[in-house]
Amino acid sequence: MSGDRREHGYFPTAAALGKVYLPEDMYQGTRLSAVEALNGGITFVHDWCHNIRGPEFADANLRALKDAGIRGRFSYGAPQAHPAVETIDLADFERKQSDWRSYFE
């Protein structure tokens with residue numbers, strides 16, 4: 001994911017890719033990461049879900065954790081390249097909190 005030059009490093013690459021991420025990308029990346037953790041004997045993760053670009057991204061991430069069967073802690077993270085002076089989508093954050101049990105039934 002990184003090259004020999006600074007502009008090809010983790011943060012510039014993650015910011016560029018994050019802007020074009022789709023909810024399905026979030027799902028697949030999270031599911032594959034969770035399965036890899038399980039395969040390595042890790043049964044609990046803290047998923048600091050960066051790059052939540054809208055409600056459907058958080059939903060896809062939570063669905064992937066559930067589908068993988070891993071236990072986890074979910075943290076609602078800001079999108080890639082999100083301005084530091086702006087807050088995250090607090091309405092969706094509150095929706096997730098109030099509907100929390102529905103994600104794991």
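Predicted model: local features only at pLDDT ≥ 70, side-chain atom pairs only at ≥ 80, totals over all residues.
Residues are numbered from 1 along each chain as its sequence is written, and side-chain values use heavy atoms, with hydrogens and water left out.

The protein contains four helices and two strands, where helices (H or I, at least four residues) and strands (E, at least two) are DSSP runs numbered from the N terminus. Read from that terminus, the order of the elements is α-α-β-α-β-α. The C-alpha trace spans about 45 × 35 × 20 Å along its principal axes. Of the 105 residues, 30% count as buried; buried means under 20% relative accessible area, exposed over 50%, and partly exposed in between, with a 1.4 Å probe and protein chains only. Contact is taken as heavy atoms within 4.5 Å. Among contacts between residues at least 6 apart in sequence, 74% join residues at least 24 apart.

The largest pocket holds about 530 Å³ of space. Pockets are found on a 1 Å grid over the protein atoms alone: a pocket is an open set of points where a 1.4 Å probe fits, with protein on both sides within 12 Å along at least five of seven lines, and lining residues have an atom within 4 Å of a point. Grid points are joined across faces, edges and corners, and the volume is the space filled by probe spheres set on the points. The lining comprises 22 residues, of which Y21, T30, S33, D47 and H50 lie nearest the centre of the pocket. Helices α1 (10-18) and α2 (23-39), strand β1 and helix α3 each supply at least two lining residues, and the largest share, six residues, comes from α2. By class, the lining has eleven nonpolar, nine polar and two charged residues. In this classification Ala, Val, Leu, Ile, Met, Phe, Trp, Tyr, Cys and Pro are nonpolar, Asp, Glu, Lys and Arg are charged, and the others, Gly among them, are polar.

Two packed helices are described by the angle between their axes and the distance between the axes. Helix α3 (residues 55-68) packs against helix α4 (residues 90-98) at an angle of about 35°, with the axes 10 Å apart. The axes are lines fitted to C-alpha atoms over the stretch in contact, and angles run from 0 to 180 degrees between N-to-C directions. The crossing of α3 and α4 is right-handed, a term for a near helix turned clockwise from the far one by less than a right angle. From α3, residues P55, A58, D59 and L62 meet D92, R95 and K96 of α4. This contact has three nonpolar, no polar and four charged residues.

A58 in helix α3 counts as buried because its relative accessibility is 0%. Leaving out residues up to four places away in sequence, A58 touches I52, F74, Y76, D92 and K96. N61, also placed in helix α3, is likewise buried at 0% relative accessibility. Beyond its neighbours within four places in sequence, N61 is in contact with M26, T30, D47, C49 and F74.

N51 lies in the loop between β1 (44-49) and α3. Most residues other than glycine have a negative phi. N51, although not a glycine, has a positive phi of about 80°, and at 4% relative accessibility N51 counts as buried.

The loop between β2 (71-76) and α4 contains Q80 and also G77. G77 is buried, with 2% relative accessibility. G77 and H50 are 27 residues apart in sequence and 4.3 Å apart in space, C-alpha to C-alpha. Contacts of G77, not counting residues up to four places away in sequence, are with W48, C49, H50, N51, I52 and I88.

Q80 counts as partly exposed because its relative accessibility is 23%. With residues up to four places away in sequence not counted, Q80 touches A14, A15, G18, H50, N51 and R53. L17 in helix α1 is partly exposed, with a relative accessible area of 45%. The C-alpha atoms of L17 and Q80, 63 residues apart along the chain, are separated by 8.5 Å.
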